[in-house]
Amino acid sequence: MTKDLKQQEFKRWMDKYGEVIAIIRKSAHDLHDHVNQTYGKVHPYGFHLDMVADAVEKYGDIVCDDEKDIVPLFFGAFYHDSMEDARLTYNDVKRIAEQWMDSSQALMAAEMVYALTNEKGRTRAERANDKYYQGIRDTAYAPFLKLADRLANVTYSCSNSNETNSHMRKVYQSEWPHFLESITSDKADVRYALPQEMLDAIEEIITGKG
């Protein structure tokens with residue numbers, strides 16, 4: 001199948017499940033609003049969740065070959081921080097997912113969220129340790145979602161020319177080689193792939209060329 005045809009098919013799937021994806025989106029927004037979580041101190045946290053989901057919409061056709069994975073994939077985008085920041089347990093996430101999916105899809109969705117949940121730690125490095133990254137590399141779609149999360153954060157944090165954004169650009173630039181190595185899976189399965197288009201977009205931003 002050509003790239004254009006694959007994109008068209010992915011869009012058809014998104015349209016087909018658009019109503020349930022919209023319900024999942026609202027559910028995730030409401031969840032983070034309930035715990036008063038914000039993004040960048042000025043936006044409701046749903047602003048970030050939407051940016052991650054936008055990346056899934058834009059690049060998802062590259063990693064998703066199966067229609068039944070569409071809803072779990074968007075659930076993973078909208079709920080990826082729900083355990084870490086909104087106090088849900090793994091079983092909570094799975095039960096919520098089961099409202100809109102069969103048991104195997106809900107399991108896939110919950111595994112994505114679990115894989116993207118930081119370890120306990122006092123520092124950024126401790127929370128994103130080797131065990132954390134191993135879990136991402138071993139979970140279908142988790143590397144893609146982690147890359148979508150990074151793209152969203154990089155895009156937002158480096159969006160203006162000021163001291164804070166210049167600092168964050170340097171932070172992301174210094175982290176990039178280790179981050180990329182850490183989320184790169186050796187599995188041949190396309191569900192573990194990192195789209196080159198996303199990698200290029202991030203590199204353009206953190207180098208100041210975007």
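A word on the ground rules. This is a predicted model, in which local features need pLDDT of at least 70, side-chain atom pairs count only at pLDDT 80 or more, and totals for chains, interfaces and linings use all residues. Residues are numbered from 1 along each chain as its sequence is written, and side-chain values use heavy atoms, with hydrogens and water left out. Helices are DSSP runs of H or I with at least four residues, strands are runs of E with at least two, and both are numbered from the N terminus.

Start with backbone angles. Most residues other than glycine have a negative phi. Arg87 is not a glycine, yet its phi is positive, about 70°. Tyr141 also has a positive phi, near 70°. Arg87 sits in the loop between α5 (82-85) and α6 (90-97). Tyr141 sits in the loop between α9 (130-137) and α10 (142-157).

Which of these is buried, and which is exposed? Buried means under 20% relative accessible area, exposed means over 50%, and partly exposed is in between, with a 1.4 Å probe and protein chains only. Arg87 has 67%, so it is exposed. Tyr141 has 0%, so it is buried.

Next, His32, which belongs to helix α2 (residues 18-34). His32 is buried because its relative accessibility is 0%. What does His32 touch? Contact here means heavy atoms within 4.5 Å. Leaving out residues up to four places away in sequence, the partners of His32 are Gln37, Tyr45, Leu49, Asp81, Ser82, Asp85 and Ala86.

Helix α4 (residues 70-79) is mostly covered, with ten of its ten residues buried. Among them are Phe74, Phe75, Phe78 and Tyr79.

Last, the largest pocket. On a 1 Å grid over the protein atoms alone, a pocket is an open set of points with protein on both sides within 12 Å along at least five of seven lines, and lining residues have an atom within 4 Å of a point. Its volume, the space filled by probe spheres set on the points, is about 830 Å³. The largest pocket is lined by 31 residues, and Asn118, Arg124, Lys146, Arg150 and Asn153 lie nearest its centre. Which element gives the largest share of the lining? That is α10, with seven residues.

That is the tour; questions are welcome.

Notes:
On a 1 Å grid over the protein atoms alone, a cavity is a set of points where a 1.4 Å probe fits but cannot get out, and a pocket is an open set with protein on both sides within 12 Å along at least five of seven lines; lining residues have an atom within 4 Å of a point.
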